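Biologist: Could you walk me through this model and tell me what lies behind the words you use for it?
Modeller: Gladly, let's take a look together.

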Amino acid sequence: MSDPLATPLTAMLGCRLPVIQTAMGWVAEPVLVAATVEAGGFGFLGAAVMSPVEAGAKIAEVRRRTARPFGVNFHMFQPGAAELVDIVIANREQVRAVSFGRGPDAKMIARFRDAGICCVPTVGALKHARKMAELGVDMLVVQGGEGGGHTGSVATTVLLPQVLDTVDLPVVAAGGFADGRGLAAALAWGAAGIAMGTRFLMTRESPVPALVKQAYLGAGTDDILVTDQVDGMPQRMIRNAALARIDGRGPIGSWMAALSAGFATKRATGASWPELLKMAQGMRSHGGLSLSQAMRAAAAPALIQRAVVGGDAQGGLMATGQVAGRIEDLPSVAELLEVIERDARARIALLTAAPSRQRKLA
């Protein structure tokens with residue numbers, strides 16, 4: 001009998017388990033990525049918030065920590081994107097895949113594919129899945145509305161089968177997954193595996209400061225909401241003082257916030273003002289945002305950085321999936337993936353057992 005956890009995802013990305021650790025700025029760092037791939041999953045380095053020099057150094061650090069394949073996340077509007085692409089391709093013998101939300105064009109996708117690097121974008125709507133399939137990507141991560149950070153409004157249980165019925169590509173389910181039951185369910189839908197961010201953020205290898213991890217642990221599902229006040233696009237966040245201030249500001253306050261966050265992003269990335277404006281204009285044209293929204297979108301990561309790096313659980317923003325509301329522990333990555341594998345195999349065995357066997361196990 002074939003291994004039910006051997007899927008197109010594991011074959012394409014060279015991992016043992018069909019579980020992806022998604023890229024999260026300042027969280028998907030080399031220690032977490034290396035721990036994920038060593039434990040059998042597939043991890044993406046969160047390079048979308050890094051300068052090319054920093055990304056190159058952290059790709060090298062992942063390679064020092066593990067010989068297994070891993071992925072890199074970026075977006076085409078970040079400062080130094082072209083240089084970062086060159087760095088990724090120069091590391092193609094171990095960088096197996098790139099992920100992106102605001103992605104490259106067909107020419108860039110073809111360049112990655114020619115280098116043997118899989119393109120695995122994340123989409124949150126059916127129309128975006130169709131577009132990415134037309135551009136020639138290798139696999140899709142489909143994030144339902146339960147997912148963290150920028151997210152759509154369609155639940156995974158509706159969006160996932162829609163995309164599976166539409167595209168002829170391996171599809172990975174994201175949004176609301178945290179355990180082996182979810183993996184078994186995703187495979188039953190016809191997905192090639194699951195992708196998780198919040199669950200990996202809440203592990204011991206995650207670099208998020210302890211105080212902020214405790215805030216994630218303390219959040220119930222009623223403490224997690226979606227708002228478009230941060231940058232004009234829906235984002236799922238944990239309710240805190242910073243989010244309350246953002247929700248209460250007017251147009252002038254929004255512009256002040258955009259400028260303030262722009263200064264913070266400039267300090268964090270080393271980008272020049274022309275580079276920041278270029279990034280904002282690119283996001284504006286790509287996402288149909290106003291200039292104020294685009295400036296805030298370009299700079300919003302700095303507000304998240306204040307929490308996940310600075311440890312300020314009230315002054316910074318905490319992006320999260322809804323699933324944080326039911327996570328109650330901080331295991332190591334190896335412990336997490338071991339439990340997911342064991343539970344998924346048990347669920348699949350139960351579902352595929354003969355009826356008499358099912359009654360005994362139930």
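Predicted model: local features only at pLDDT ≥ 70, side-chain atom pairs only at ≥ 80, totals over all residues.

Modeller: Residues are numbered from 1 along each chain as its sequence is written, and side-chain values use heavy atoms, leaving out hydrogens and water.

Biologist: What makes a run of residues a strand or a helix here?
Modeller: Both are DSSP runs, numbered from the N terminus: helices (H or I) have at least four residues and strands (E) at least two.

Biologist: Why is Gln 78 called buried?
Modeller: Buried means under 20% relative accessible area, exposed over 50%, and partly exposed in between (1.4 Å probe, protein chains only). Gln 78 has a relative accessible area of 4%, so it is buried. Its place is in the loop between E3 and helix H4.

Biologist: How do you know that E2 and E3 pair?
Modeller: Two strands pair if DSSP finds at least two bridges between them. Three bridges join strand E2 (residues 42-46) to E3, and the two run parallel; Gly 46 has Asn 73 as its bridge partner in E3. The chain goes from E2 through helix H3 (residues 52-65) to E3 in a right-handed β-α-β crossover.

Biologist: What makes a crossover right-handed?
Modeller: With the strands pointing away from the viewer, the path from the first strand over the helix to the second runs clockwise. E3, H4 and E4 also make a right-handed β-α-β unit.

Biologist: Why are the buried residues of H5 said to line one face?
Modeller: In H5 (residues 106-114), the buried ones are Met 108, Ile 109 and Phe 112. Seen down the helix axis, they fall within an arc of 100° (taken from the directions from the axis to the C-beta atoms), so they line one face. The face turned away from that buried side carries the exposed residues Lys 107 and Asp 114.

Biologist: How do you know that Cys 118 is in no disulfide?
Modeller: A disulfide is a pair of cysteine sulfur atoms within 2.5 Å, and the structure holds zero of them. For Cys 118, the nearest cysteine sulfur, that of Cys 119, is 7.7 Å away. Cys 118 is buried, with a relative accessible area of 10%, and Cys 119 is buried too, at 0%.
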